[in-house]
Amino acid sequence: MIKKEMLEALNAQVNEELYSAYLYAAMRAYFEAQNLKGFSNWMRIQTEEELFHARKIVEFIFERGGHAAFKAIKGPDADWASPLDAFKASYKHECHISECINKLATLALKHDDHAARVFLEWFVTEQVEEESNADQMVQNLTRMQDAPGGLFLLDREAGARTLSPMVVASVSGAPAA
Ligand code: OFO
């Protein structure tokens with residue numbers, strides 16, 4: 001049976017993940033409004049990734065006999081000064097999520113909850129990729145923003161991003177990896 005403090009912290013992380021999905025949905029809307037369909041696609045995929053993260057934690061709570069509790073999700077920003085500004089905000093947010101995951105992993109150790117510790121290892125690894133993906137977009141936009149056609153090319157590249165097989169399986173109802 002999962003301990004109360006661990007359960008509450010996991011439920012708080014579900015809220016963080018749902019907020020992440022909300023934030024990226026808002027960023028998608030921002031890019032749609034500017035007719036930047038590639039960046040919009042990137043954010044659509046990111047939103048699905050975040051919903052997958054939330055689902056993965058909820059399933060773990062269920063497996064441990066815990067009660068998943070859903071609190072209100074705060075409203076994200078709706079506007080950014082530029083595509084670069086939006087991706088910088090995304091990178092900053094991912095660094096925040098990494099801190100949350102690290103704290104959860106520390107809490108699992110404190111409670112000798114090795115099931116949670118092993119479960120959270122997936123998220124520790126995932127956050128390396130999450131930070132790197134957002135940072136790569138920041139780097140590319142910084143480098144290309146003044147180049148002729150730079151934004152067009154990056155938008156086209158972002159349009160090629162696809163859902164990871166794990167997320168596809170989760171959305172289709174297959175057990176999460
Ligand atoms: Fe973007 O990793 Fe979850 O929140």
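Where is Gln127 found? Gln127 lies in helix 4, in what is a predicted model. With a relative accessible area of 4%, Gln127 is buried. Apart from neighbours within four places in sequence, Gln127 is in contact with Glu94, Ile97, Ser98 and Ile101.

**Helix packing**

Two packed helices are described by the angle between their axes and the distance between the axes. Helix 3 covers residues 83-110 and helix 4 covers residues 114-144. The axes of helix 3 and helix 4 come within 9 Å and cross at roughly 165°. Angles over 145 degrees count as roughly antiparallel, and helix 3 and helix 4 are therefore roughly antiparallel to each other. Their crossing is left-handed. Sorted by class, the contact of helix 3 with helix 4 has 19 nonpolar, four polar and six charged residues.

Helix 4 also packs with helix 2, which spans residues 37-63. Here the angle is about 170° and the axes are 12 Å apart. That angle makes helix 2 roughly antiparallel to helix 4. The contact of helix 2 with helix 4 has 13 nonpolar, three polar and five charged residues.

**Cysteines**

How many disulfides does the structure hold? The structure holds zero disulfides. Cys95 is in no disulfide, and the nearest cysteine sulfur, that of Cys100, is 11 Å away. A disulfide needs two cysteine sulfur atoms within 2.5 Å, so the sulfur of Cys100, at 11 Å from that of Cys95, is too far for a bond. Is Cys100 buried or exposed? Cys100 counts as buried because its relative accessibility is 14%, whereas Cys95, at 23%, counts as partly exposed.

**Loop residues**

Ser82 is placed in the loop between helix 2 and helix 3. Its C-alpha is 20 Å from that of Cys95 in space, and the two residues are 13 apart in sequence.

Which loop holds Asn35? Asn35 sits in the loop between helix 1 (4-33) and helix 2. Phi of Asn35 is near 60°, a positive value in a residue other than glycine. Most residues other than glycine have a negative phi. Asp112 also has a positive phi, about 55°, although it is not a glycine. The loop that holds Asp112 lies between helix 3 and helix 4.

**Relative accessibility of selected residues**

The table lists residues discussed above with their accessibility class.

| Residue | Relative accessibility | Class |
|---|---|---|
| Gln127 | 4% | buried |
| Cys100 | 14% | buried |
| Cys95 | 23% | partly exposed |
| Ser82 | 25% | partly exposed |
| Asn35 | 56% | exposed |
| Asp112 | 59% | exposed |

Why does Asn35 count as exposed? The cut-off for exposed is over 50% relative accessible area, and Asn35 counts as exposed because its relative accessibility is 56%. Asp112 counts as exposed at 59%. Ser82 counts as partly exposed at 25%.

Conventions: Residues numbered from 1 in each chain as written. Predicted model: local features only at pLDDT ≥ 70, side-chain atom pairs only at ≥ 80, totals over all residues. Heavy atoms only, no water. Axes fitted to C-alpha atoms, helices over the stretch in contact; angles between N-to-C directions. Helix = DSSP H or I, 4+ residues; strand = E, 2+ residues; numbered from the N terminus. Parallel < 35°, antiparallel > 145°, perpendicular 65-115°, else oblique. Left-handed = near helix turned anticlockwise from the far one by under 90°. Nonpolar A, V, L, I, M, F, W, Y, C, P; charged D, E, K, R; others polar. Buried < 20%, exposed > 50% of the residue type's maximum accessible area, 1.4 Å probe, protein only. Contact = heavy atoms within 4.5 Å.
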